[in-house]
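Visitor: I would like to learn how to read the features of a two-chain model, with the criteria spelled out as we go. Could you take me through one?

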Amino acid sequence: MRLFWRYLLLLFVLAISIGPFLWQLSTSLKGAGEDVYLPDFVPDDPTLANYAGVADVVPVWTFALNSLLVAVVNVVCNCLGAAMAGYALARLKFRGRRLAGLVFAAAILVPFETILISLFLVMRSLGLTNTLTGVVLPGAIAALNVLLLRNAFLALPGEVEEAAIIDGANAWQRFVRIALPSVRGTLVVVALFSFMFSWDDFLWPLIVLSDPDKYTLTIGLAYLQGTFFQNQRLVAAGTIIAVAPLILLFLLLQKHFFRGVGEGALKG
Amino acid sequence: MTHRPHTPWLFLLPGLAVVLMFSIFPFLNMIVLAFTDADALGGGQFTGVDNFVRMVDDPKFWVAARNSTLYLFGVVPPLVLLPLLLALLVRRQVPGITFFRTAFFTPVIASAVVVGLIWTWLLDSRGLVNSVVEALGGARIPFLTDSSLLLVSAMAVTVWKGMGYYMVIYLAALANVPNDLHEAAQVDGAGPIRRFVSVTVPALRPTMVLVAALSAVNGFRVFAEVYLLSGGSGGPGGASTTLVMLIQQTGTGLTGEVGYASALSLVLFVVTLGLLLITLRLNRKEDLL
């Protein structure tokens with residue numbers, strides 16, 4: 001009996017958590033002839049017309065491609081750049097190591113919203129406003145990822161690299177062949193969260209991009225809402241396009257998502 | 001020696017370059033700009049504390065500061081409590097629990113924009129929520145057109161989106177609560193509510209403080225939810241504008257007042273830092289007790 005109540009409660013929360021997504025999906029599949037205001041979750045005559053339709057009013061596939069491009073570059077830069085820095089901080093001894101570590105620690109404490117305006121000035125002086133490069137750069141190597149990977153490298157036992165050192169392998173060879181493969185788990189977490197942050201980011205692309213052709217999905221959708229607010233079916237189709245890839249990724253790799261939260265990869 | 005002296009710096013170069021150019025420098029520059037009258041083109045003259053004097057007399061600043069503060073107080077209590085209850089609900093390994101945990105986490109991975117658009121549609125004057133309200137015999141609620149309700153709606157969206165994340169944090173913490181305490185309390189005849197208040201909550205206090213800190217800092221910096229629910233306008237007459245929205249509106253565009261926006265950013269930073277320090281203080285007291 002107590003189990004019954006537990007499941008009833010679970011189903012109630014389930015409805016609240018994914019009901020809104022399902023309602024959006026349902027709206028996106030409803031044809032022009034169906035009243036979208038009626039509280040009916042099952043479309044009378046499901047159609048994909050809205051997915052084609054949204055591409056007629058805004059270049060939604062260009063937005064998606066831009067988002068994908070930005071996210072992939074972000075993942076590669078973060079995995080490689082943060083791992084390199086993390087490796088140096090954890091496994092190499094040199095003067096100035098503490099100072100370098102402090103720089104990354106300080107960067108974590110800077111809330112992005114507070115540097116929004118002056119970061120825009122930096123991008124403008126580099127001539128990178130309204131470019132996808134300008135979107136990627138500020139988060140290309142996140143300080144948080146550097147420290148996550150530093151901790152992962154620190155946790156490796158010292159002997160791991162000794163044999164390689166005796167064999168005369170240099171630091172780069174040891175990094176690529178021994179250290180990097182040993183922190184695969186953390187790299188997956190970093191990759192996943194870099195992808196998600198980049199794909200979901202809104203405030204920075206909104207500031208730095210001005211040309212609709214360069215828009216990423218998030219600001220493209222906000223733009224769509226502003227221009228074609230009346231047609232809920234199209235907005236719904238656009239949101240499903242934006243959220244479906246992430247949900248898929250999440251379902252495939254959920255274990256790593258939960259681990260990432262545990263390791264503090266996601267700041268909420 | 002296992003490496004040449006300059007090798008570590010080659011490893012650090014990309015990371016340090018990005019962090020110094022795109023975090024540390026803009027941050028320091030923001031502090032300098034806050035005391036200037038720099039406009040959209042940058043530059044500007046040193047004007048002392050003029051920007052802060054102007055802020056005190058700026059009704060827009062007070063509206064935004066009030067809204068961000070209200071937001072903080074609105075989202076922290078539910079985000080500390082509800083995810084904890086959720087964690088207790090999904091803690092037991094009953095069949096299908098992985099499915100439920102996964103589903104409860106889904107709102108976390110969706111972007112604030114997607115979430116904002118979904119809820120804009122749900123809370124529309126003729127949307128699904130109002131259909132239900134009407135079916136139950138109530139009158140339609142102007143969730144998005146009344147400036148106070150807009151803010152409350154956005155808070156609800158923030159809570160909805162954040163619950164799964166904090167649930168996972170609580171789950172990890174719950175795994176460390178010794179079970180024998182519970183059993184001892186049960187033997188002493190304590191009911192589930194009593195056990196929750198006297199065993200679970202004290203054991204989880206540090207985690208609850210952490211969750212409070214994270215949700216407070218994030219709540220005070222709210223942007224996307226309010227921006228999306230108000231269609232970018234900040235509500236009727238801008239009455240639901242938040243501090244970050246004000247920074248964005250003030251500092252960008254051809255008429256951007258970079259100096260004043262930087263001063264607003266500095267205020268945002270000081271408050272954020274203050275919230276973190278308070279939390280550290282609270283957690284240190286824990287250790288002493």
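Visitor: How many salt bridges are there between chain A and chain B?

Guide: Side chains of opposite charge can pair when their charged atoms come close. Here a salt bridge means a side-chain nitrogen of Lys or Arg within 4 Å of a carboxyl oxygen of Asp or Glu, and in this predicted model the count between chain A and chain B is one. The partners are A:E113 and B:R221, whose side chains meet at 3.5 Å, N to O.

Visitor: Which element gives the largest share of the side of chain A that touches chain B?

Guide: That is helix α1 of chain A, residues 2-28, which contributes 16 residues; helices (H or I, at least four residues) and strands (E, at least two) are DSSP runs, numbered from the N terminus. By class, this side of chain A has 66 nonpolar, 12 polar and eight charged residues, where Ala, Val, Leu, Ile, Met, Phe, Trp, Tyr, Cys and Pro count as nonpolar, Asp, Glu, Lys and Arg as charged, and the others, Gly among them, as polar.

Visitor: What area is buried between chain A and chain B?

Guide: The size of an interface is often given as the accessible area lost when the parts come together. Taken as the accessible area (1.4 Å probe) that two parts lose on being put together, summed over both, the buried area is about 7,600 Å², of which carbon and sulfur atoms give 79%. On the chain A side, A:R6, A:Y37 and A:I117 supply 9% of the area buried against chain B, more than any other three residues. With contact defined as heavy atoms within 4.5 Å, 86 residues of chain A are in contact with 85 residues of chain B.

Visitor: Which conventions apply?

Guide: Residues are numbered from 1 along each chain as its sequence is written, and chains are lettered from A in the order in which they are written. Local features need pLDDT of at least 70, side-chain atom pairs count only at pLDDT 80 or more, and totals for chains, interfaces and linings use all residues, while side-chain values use heavy atoms, with hydrogens and water left out.
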